Every structure is written in C-alpha cells, then in structure tokens.
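Student: I'm new to this one. Could you walk me through it and tell me what the terms mean as we go?

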Amino acid sequence: MNKKVKEGLKIILSSFKGKKDELISILQEIQEEFGYLPEYAMRKIARFTGVAQSRVYAVATFYAQFRFTPIGKKHVTVCRGTACHVRGAPRILEEVEKELGIKEKETTPDLEYSLETVACIGCCGLSPCLMINKKVEAKLTPEKIAKLFKKPRPPKADSEPSSRGFSS
Amino acid sequence: MDKITLTINAIPIKADRNISVLQAALKNNIYIPHLCYNPDLKVAGVCRLCIVEVKDRKLTTSCNLKVEEGLIITTDSPQIKQLRRVIIELLITNYQGNYPKLSETDDSQLRKVAAYVEIKPNRLRRLRGPTKIIPIDKSNPFFRRDHNKCVLCGICVRTCRELQKVSCIDFAFRGYDTKVSTFANKPIAESNCESCGECVMRCPTGALSPKKLQTASRKTKTICSYCGVGCGMYLGVKGKKIVSVIGDKDNPVNHGSLCVKGRFGYDFINHPERLTSPLIKKNGKFIRSSWEEALKVITKKFSIYRGDKFATLSSAKCTNEENYLIQKFTRAVMGSNHIDHCARLCHAPTVAGLTQSFGSGAMTNSINEIGKADCILAIGTNTTSAHPIISLQIKNAAENGAKIIIANPKEIDLCSFADIFLQHKPGSDVALLMGMMRVIVEEKLYDATFIKNHCENFESFKKSLGNFNQDFVERTTGVAFRDIAKAARLYAKYKPSTILFAMGITQHSHGTDNVLATSNLAMLTDNIGKPSTGVNPLRGQNNVQGACDMGALPNVYSGYQKVNMPNIRKKFELAWKCKLPSSPGLTHVEIFEAIYNKKIKALYLVGENPIISEANSNHVKNAIKKIDFFVVQDIFLTETAKLADVVLPAASFAEKNGTFTNTERRVQRVQKAIEPIGKAKPDWQITCAIAKKMKAKGFDFSNPKQIMKEIASLTPSYKGITYERLENSGLQWPCLNKKHPGTPILHVERFATPNGKGKFMPLEYKPPAEVPDSKYPFIFTTDRSLFHFHTSTMSRRVEGLDILNGEEFLNINPKDAAGIGITDGEMVKVCSRRGRIKVRAKLTDICPQGVASMTFHFAETPTNVLTNSVLDPVAKIPETKVCAVQIKKIK
C-alpha cells in the first residue's frame with residue numbers, strides 16, 4: 001500500500017515545480033489517483049511545496065472534496081435531502097453508522113465500506129434512501145438497514161501505517 | 001521621533017507614529033477590550049472586541065487602525081457597548097469553560113473582557129451553547145489543550161508560526177467544526193511541537209494551560225542553567241520550591257523567549273534525589289557524614305597529593321566566581337596546573353584556532369546580530385536542538401530574506417529554512433570550506449584591500465588552496481561542486497555574512513584546522529569586525545565561556561593569561577601570596593591517561609560526569625578504578641560520583657549568587673532564589689572551606705561579589721565588571737575599565753593578535769582518524785536532542801522531558817536498515833573497536849546512507865563507549881563526531 005502511494009506520488013509531483021500555490025492542484029491529483037489523501041502523501045507534499053504540514057492539513061480539511069480515508073469497495077451515500085430528512089434520514093444515518101461502526105467520511109478497517117452523506121440523491125419519491133455504489137436502496141426503515149450489509153465482515157486487513165511509527 | 005496627537009475618550013494623548021490606536025490606548029492606560037491582540041504578534045483583527053468609534057468614520061477595530069494626527073476616538077459609546085456585548089456573549093456561549101469561573105489562569109484575558117463588559121448570566125441563558133464536547137488533549141506532559149475553551153483567536157497559531165516558526169498547529173476543518181489542529185488532527189505530543197510553551201503563555205482563555213499550575217509568591221531574576229545561550233528568566237518561588245519559570249522580556253539575549261528545557265525543565269532543583277549531605281565511602285558503601293568529617297578526610301588526603309599528583313576538573317555549570325576559586329585552589333594551594341573542564345571536549349579547538357588567527361577565542365559578534373545578517377553559514381550546528389533560542393535568530397533572518405547555508409552531515413530541521421543544504425560527509429569540513437574559498441579566490445570575490453591592510457600570511461594560504469581542486473573536494477565531501485560554488489558565491493556576495501558553528505566543527509582529530517578554515521573564510525571576504533558578521537562558535541554549557549575565561553584551563557590563568565609567562569606568573573604569585581607552578585598542566589583526556597598510568601593519584605571533580613560524556617568512556621572508568629583518592633562535588637549522585645571516595649553536595653544555580661558568561665561573552669548575574677537543599681552548599685563555599693581547612697590564605701570570602709572584585713583586579717578583560725554594573729543586561733567582555741561599555745563586536749579596528757593582524761592559515765585535508773572499513777562499515781556520529789542536556793543529570797530528572805524523550809535511538813537510513821534486515825523500533829547491536837551497546841533503531845532519511853547517529857543523553861545506553869578518544873594535536877579534543885561502527889541485528 002505504502003509503496004504504491006510512494007510511486008504514484010513521485011509521478012504526480014514530477015509534473016509540479018514545488019511552489020506554494022500548487023498545493024490545491026497537487027492535493028486534487030492525489031485524491032484523484034488514490035481516492036483520498038494519504039498522510040504520507042500530505043507530509044511529502046508539505047516538504048515539496050515548503051508549506052507547513054499543519055497548513056497542508058488545514059487547507060485540505062477546509063474543502064469538502066477531500067477525504068482522509070480510502071474509499072471502501074462499497075461506497076455508501078446516505079441522502080440528507082429535505083424529503084429524506086423529514087422521513088427520518090437522521091435515524092437512517094445513525095443506524096448505518098452503528099451497523100458499519102464508522103462515522104460519516106470514514107472507511108471500515110477492512111476497506112469494505114465507506115460512508116458519506118449528500119444533500120440530495122435526486123429520487124425524493126423513494127425517500128428515505130441511500131446509495132451503495134450506484135444502486136439506490138429505497139423507502140428505508142432502521143430495520144431494513146442491517147440486511148443491506150454483508151455479514152460477518154472479515155477481520156482488519158492491511159490499512160494505513162500507524163501514525164505512531166518512527167519513520168518520518 | 002516626533003509624536004502624533006490624538007484624542008481617546010476626550011483625553012488628548014501623544015503616541016509614536018506607526019503604532020495602532022489599541023497600542024496607543026494601552027500605553028496610556030486606557031483599556032479597550034481585546035482577545036486576539038498580542039504585542040509580540042502581527043495583528044489579526046479577528047475577535048472584533050476592540051472596535052471603537054472614530055469621529056466622521058465607520059466603526060473600526062482599533063488593533064489594525066494606525067494612529068493619525070487628530071483622530072477622535074470613542075471606546076465606549078452606547079452603540080459600541082451594545083455591539084461588544086453581543087460579540088462577547090456569543091464567544092462565551094461557545095466557550096464551555098465553566099462561566100463565570102472562565103479559567104484558572106491568573107490573568108485570563110477573556111475573564112477580564114467579560115468583567116469589563118459586565119456579562120449577565122440571564123442574558124447568556126437565552127443563547128444555545130455548543131452541542132459537541134471535544135475530549136481534552138492531555139498528551140503533552142507540560143500542558144493541556146482544551147478545545148472547548150478555545151475561542152479561535154489564533155494567538156497560538158500565530159505564535160507557533162511567527163515566533164517559533166515551527167507551524168505545528170493551524171486552523172483545520174470548516175465553519176462550526178473549525179478548530180486549532182495539528183497535522184492530521186493528532187494529539188499534540190505526536191506532532192512536531194517543540195513544547196516551548198510560548199503559546200501556552202499567551203493563550204487568553206485558558207484553552208491551553210500548564211499542567212502544573214502553582215502561583216509563585218515571589219520571583220527571582222536569574223539566568224538559565226542549561227545551554228550557553230544564557231537566557232534571562234524569572235524563577236517563581238513558593239516556600240522552598242521553584243514552581244514556575246517566566247522568560248525575562250528585558251533580557252537582551254532571549255527577549256522573553258524560552259525553550260522547553262528553560263521553561264519546563266526546573267523540576268530537578270527540588271528533586272528528591274538531590275544530594276543533601278556529604279557522603280564518605282567506607283567498605284564500598286556511601287555513609288552520610290557531617291561537613292566537618294568530610295572536610296577532614298579530604299584535607300588529610302589532599303595534603304599528601306600536592307603538586308603533579310593532583311588534578312582538578314572544574315565545571316562549566318558553576319559560576320565564574322566558583323571556577324576562579326577552583327583554579328586558584330588547584331594552583332595556589334595544591335601547586336598543580338592540572339586543571340581543565342569540559343570545554344576541552346567541546347570548544348578547545350575554537351579557543352586554540354581563533355586565538356591563532358584572530359587573537360581571541362570567543363564568539364566575535366552578538367546573538368541579536370545574527371537575525372540581521374544577509375547570509376548565514378551554519379556549519380556543524382544543529383541549532384534548533386542545541387541552542388533553540390539562537391535558532392530563532394536564524395529563522396528570523398531567513399524570513400527577512402537572508403540567504404541561509406546549512407552544512408551538516410544530517411538533514412537537520414533548519415534545512416527547511418535553507419537556500420542551500422550541503423550534506424557533507426562527517427569530518428570533511430576542511431575540504432568543504434577550502435573548496436568554497438577556492439571558488440571565492442578564483443572568482444575574485446575576496447576583499448583584497450581588507451586582506452592587505454588587516455591580515456597576513458595570505459599568499460601561503462592561497463597556495464594551500466591548490467590542493468583543493470573540484471575533483472578532490474567532490475570526492476572528499478560527497479557534495480556536488482556546483483552546490484559548494486553556489487554557497488561560496490552567496491557567502492561572499494551577500495554581506496554581512498556570519499558563520500555559526502558548534503561541535504560538528506570542533507569534535508574532530510583535526511578540529512583546530514576546521515576552526516581555522518572558518519576564520520580564513522571570514523577574513524577572506526572581510527566578514528569580521530562589523531555588525532552581523534564574524535565567526536561565531538556556539539558554546540554548549542551555560543558557563544563554559546566563563547569557565548574558560550576564569551582560567552579553569554591547564555595553561556592559563558583568568559583572562560587567558562599564560563602560566564608560562566614569568567611576568568604574568570609573578571603578578572598572580574604576588575596577588576595570591578604563594579609560589580605557582582610554571583609549566584602548563586595536562587588536559588582533560590590526558591588527566592585520565594595520567595590517572596590510568598598512576599601519575600596522578602588524586603582527583604577533585606566538580607559538576608561533571610565524564611563516565612558518560614568522555615569519548616571512549618570505558619577507558620575513563622578503568623582509569624578511575626586506579627585512582628587513590630577521588631572527590632566529586634555535584635548536585636546529584638551521577639554515574640561518575642558513584643565511583644568517588646567522598647561526595648560533596650553542591651547547590652544548584654537556583655540556590656546561589658554569582659555570574660555566568662554566555663556564548664556571546666555576556667557576563668550576567670545569577671541570583672539566589674531559594675536556600676540550598678538540605679546540607680548542600682554553593683561550590684564557592686565548599687572550595688573555600690577545603691582551602692581554609694588546609695590553612696591557605698586568600699579564601700576568606702563572605703560573598704561572590706568579593707570574589708568578582710578579585711577577578712576584576714587580576715583579569716584585564718573583566719576589569720570593568722562589577723555586580724552593580726551587571727544589574728540590567730550584563731556586560732560583554734572585554735570590559736576594560738569601570739566606564740567601558742563592554743564589547744559586542746570583537747576585532748573592529750584591529751585583531752587581538754600581538755601585531756593587530758588577522759593570520760591566514762594554510763590548511764591541508766586530514767581524514768578522520770577512523771574511517772569505515774569492511775569490518776566496521778558505518779560512520780558513526782553523535783548529536784543532541786532538544787529535550788535533554790548533555791549527560792541528562794538535570795533534564796532526565798524532569799519527568800516531562802523524560803516523557804517527551806525517554807529513550808535513545810540509533811538514527812539510520814532506511815536503505816541501510818534494509819541491508820542489515822532491521823525494522824523501525826527494533827533493538828540492534830552497535831559495536832566499535834572500543835565498546836558495544838544495544839539500542840533501538842529509528843529509520844529516518846535525516847541520516848544519509850552510510851551514516852548512523854545517536855545522542856549521548858542516556859546512561860543506560862552510554863554512546864561514548866563507542867566513540868574514539870584520538871586527540872586533536874593542538875587542542876587535545878577527542879574525535880567524538882566520527883568513528884566507525886558495525887550495526888547488527890540481534891538474533
């Protein structure tokens with residue numbers, strides 16, 4: 001995993017000069033490539049552009065477009081649009097979070113599922129609803145949620161290197 | 001400068017140009033509520049509390065409104081009052097800091113503002129508070145971060161960015177979720193925070209607060225006892241304990257800034273392991289004894305070993321007065337010139353080298369000039385770790401556009417501020433510097449007029465550059481020649497240029513040559529004797545400069561007056577009323593060699609821990625075993641003290657009066673804050689007591705002030721120094737008479753050499769004494785951690801510092817590690833020809849391939865059993881910076 005990031009990063013950075021104002025463009029390309037911003041990559045970008053690490057993180061967290069965990073094989077998008085909201089979207093979200101053991105914008109440790117919310121999927125007639133990858137699950141109730149996800153899920157797989165590691 | 005008149009609340013006031021209305025008001029004791037303003041930082045204007053009404057204009061924040069002639073300001077009109085009330089109510093509602101208690105800190109700005117606006121709890125109740133509670137970050141041992149009390153004024157973010165230039169924290173996330181965060185939102189202890197505490201001191205709401213918070217009942221102004229920077233500080237005292245440290249804003253060295261050791265590293269003073277009574281070893285065990293008994297044993301034994309059988313190792317941690325007395329005792333009472341101290345192990349080549357070329361072996365310029373240089377060459381100094389407050393000057397210079405050249409075998413923190421980073425091989429400094437000088441000479445960037453008028457020996461020096469051709473320099477240093485040439489051009493063209501160096505230059509078997517290379521470079525480009533230029537050795541210990549000045553050296557009396565000059569010796573014989581030995585004594589490493597060979601039989605060691613600090617320390621241990629009588633005087637039972645026959649309890653810097661001389665030759669007052677712990681005594685009293693017990697004359701001092709008087713009378717460079725004159729900001733020697741203002745810059749008109757000319761020294765490259773081979777394939781070098789000092793006798797007794805850095809690591813390049821098959825955090829075996837240790841590996845690209853490094857702060861992993869004690873022939877410093885080791889996986 002780390003090796004892949006290292007090599008991908010090298011290729012991306014080779015098309016930049018290392019200037020401060022390239023920061024957001026680099027972040028976007030990294031996200032495009034990996035689906036999220038790996039910590040290792042953000043550190044290297046800081047060094048490459050001469051921007052403090054904390055500032056790189058500050059910029060990245062300001063924009064909704066950036067993720068900090070990889071996208072799961074199945075990406076779950078819970079609708080929080082007006083129609084879904086009035087028909088219990090908060091309860092649905094709560095149930096999904098409980099079921100997957102993760103919060104919004106996070107990914108399960110086995111990289112199977114990732115979760116986010118959007119303002120509206122665009123099928124208010126089916127509310128409350130969510131999408132798993134491109135498939136819409138309609139007219140949900142908290143009871144229906146558990147059936148949507150594969151069980152039991154495999155134990156924790158290879159994930160990001162621990163932040164407490166010694167290498168910097 | 002002419003002043004501007006403006007009116008605030010109908011009071012006419014005068015203000016300097018270019019300050020803000022808020023500053024003008026505060027200066028004139030008019031309070032305008034504010035939270036995000038801090039006098040040390042750039043204006044942010046985010047809290048909006050300091051809004052004022054300006055006649056004929058809109059409402060505006062006074063922190064970013066510059067004063068103008070005739071401005072008419074109202075700070076408390078009904079409209080402002082109403083607006084300000086809403087602003088503070090919203091802030092306080094978001095603040096979960098248990099209103100109205102608000103904060104435990106004494107002078108919380110938020111509390112002050114709330115009181116001023118007269119917040120009413122029933123008005124607050126109508127507002128909805130935050131719904132989320134963020135857990136408190138308690139990861140740092142010295143302070144806690146409570147985001148719930150944060151009002152996002154940004155003072156901490158700006159302090160870290162503008163003052164410390166670490167930028168460990170910034171505003172992360174967005175909108176309602178915005179918070180001050182480290183990189184990747186980790187606990188602060190896992191970030192690159194240096195724990196300097198500058199943000200904690202400035203936090204206006206108590207969101208950042210020290211963990212140990214005790215209000216001091218009184219404060220004593222003194223000088224920090226860690227490194228040679230010599231920061232001014234106030235020790236906060238409560239009862240018999242030191243409970244806080246505050247930076248001294250008026251001190252010209254640090255202007256109030258402190259590093260983590262200075263600010264939080266005071267717990268050793270009241271540590272339970274402090275020595276509280278003399279100890280005498282009987283049948284291999286230490287028995288507590290009275291002073292009377294200990295002195296009796298000592299004087300009886302010392303009387304037997306007078307003359308060349310006796311040696312003293314003085315202490316660079318003790319005051320000038322104490323060092324003066326210790327060398328006086330050794331010479332006048334014991335009749336021996338075998339006196340030295342740890343300067344031998346750090347800056348002996350500086351003294352030897354700079355004395356040859358300039359005539360004076362100290363920092364030529366002052367600390368506060370560094371920030372104003374146009375070019376800085378920092379070679380062999382990891383300034384952020386070893387001299388944190390001086391590193392702020394370098395960072396400031398970088399921010400002001402100065403060219404920064406870092407030359408270091410390791411990629412140190414300062415590299416991120418550098419224009420050029422020259423990563424040369426350990427021990428190749430002469431080749432690197434001579435390569436630079438060759439470029440300067442070839443491209444005629446040198447100052448021929450200056451050289452002609454003020455220097456000598458240029459031609460033979462120029463000839464010696466011939467050996468340093470491009471190919472040789474590249475091969476020896478491992479640095480591309482175009483980078484060396486670029487560095488040379490920057491150094492020569494951007495004036496004033498200054499050179500900073502430390503142990504990376506000196507701790508070599510050719511340390512003196514390294515130093516001479518730096519002085520050649522400075523003279524070549526006329527970067528000497530002017531502000532922000534010079535050759536600036538950064539001294540290690542708090543008073544290592546002073547210990548040298550006071551003559552705790554085998555060949556000189558105080559003020560570098562040579563013992564083998566008959567007229568000088570006569571002067572001291574007359575003053576001390578005794579006969580003095582005429583030939584220079586042995587140096588630090590030589591003393592242990594003589595002990596090993598049974599030539600020296602008694603050793604008086606004050607405040608030093610050679611078993612950990614000396615190169616090839618196993619040899620030192622073996623030598624001490626052969627000694628007949630060994631007295632150690634220290635504040636703790638150090639690894640070395642455990643081997644002593646008698647241990648005397650000394651007072652720490654907080655318990656005595658005196659002076660320290662910092663790296664820029666500034667003599668500053670150290671003042672007693674508390675009484676000595678237990679039966680401990682200040683070192684000067686102990687030495688006097690031993691001397692008096694031996695019936696010596698000239699040790700009847702009742703306070704250090706009297707000792708300084710004697711020092712001044714015998715030492716030309718200290719002649720004008722009195723305690724009264726040191727009261728405010730100290731004095732930089734030479735200070736030649738009572739009216740002399742001190743000397744911030746040396747060699748202004750002429751060099752301090754006898755003929756007034758700077759001497760160029762021809763140099764040749766000498767490789768380190770031990771180079772890697774097939775059996776010992778790695779170059780091993782030593783360095784320092786920010787969180788510890790030297791052998792850590794003091795810093796490891798500060799719990800928090802030991803939490804931040806509690807273990808030794810072998811820094812090694814990941815590629816090398818892969819070659820040996822070791823992983824990050826794995827225990828490995830490191831062996832040299834002299835010793836072996838086990839230590840945890842840390843994989844890092846800070847170290848280039850083929851180079852591994854360790855600090856020497858940890859007694860359980862005594863790094864110096866590995867290092868090489870081969871000496872520089874002139875300065876007699878051991879080569880602690882380079883040796884060859886093998887690194888093995890533990891099976």
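Student: What pattern does chain A follow, read along the sequence?

Tutor: Chain A goes α-α-α-α-β-α-α-β-β-β-α along the sequence, with 7 helices and 4 strands. Helices (H or I, at least four residues) and strands (E, at least two) are DSSP runs, numbered from the N terminus. Bear in mind that this is a predicted model, where local features need pLDDT of at least 70 and side-chain atom pairs count only at pLDDT 80 or more, while totals for chains, interfaces and linings use all residues. As for bookkeeping, residues are numbered from 1 along each chain as its sequence is written, chains are lettered from A and ligands numbered from 1 in the order in which they are written, and side-chain values use heavy atoms, with hydrogens and water left out.

Student: How many helices and strands are in chain B?

Tutor: Chain B has 31 helices and 37 strands.

Student: What makes chain B as compact as a globular protein of its length?

Tutor: The globule rule is 2.2 Å times the number of residues to the power 0.38, and the radius of gyration is taken over C-alpha atoms. For 891 residues the rule gives 29 Å, and the radius of gyration of chain B is 29 Å, so chain B is as compact as a globular protein of that length. Its C-alpha trace spans about 85 × 70 × 70 Å along the principal axes.

Student: What share of each chain counts as buried?

Tutor: Buried means under 20% relative accessible area, exposed over 50%, partly exposed in between (1.4 Å probe, protein chains only). By that cut-off, 62% of the 891 residues of chain B are buried, and for chain A the figure is 40% of 168 residues.

Student: Which strands pair with strand 18 of chain B?

Tutor: Two strands pair if DSSP finds at least two bridges between them. Strand 17 (residues 375–379) of chain B meets that with 5 bridges to strand 18, in the parallel sense. Strand 19 (residues 420–422) of chain B meets it too, with 3 bridges to strand 18, again parallel. Ala407(B) is the bridge partner of Ile379(B) and also has Leu422(B) as a bridge partner in strand 19.

Student: How do you know that both faces of strand 15 of chain B are covered?

Tutor: Look at residues 310–313: Phe310(B) and Thr312(B) on one side are buried, and so are Ala311(B) and Leu313(B) on the other. In a regular strand the side chains alternate between the two faces of the sheet. Strand 15 also pairs in parallel with strand 25 (residues 602–606) of chain B over 4 bridges, where Thr312(B) stands opposite Tyr604(B).
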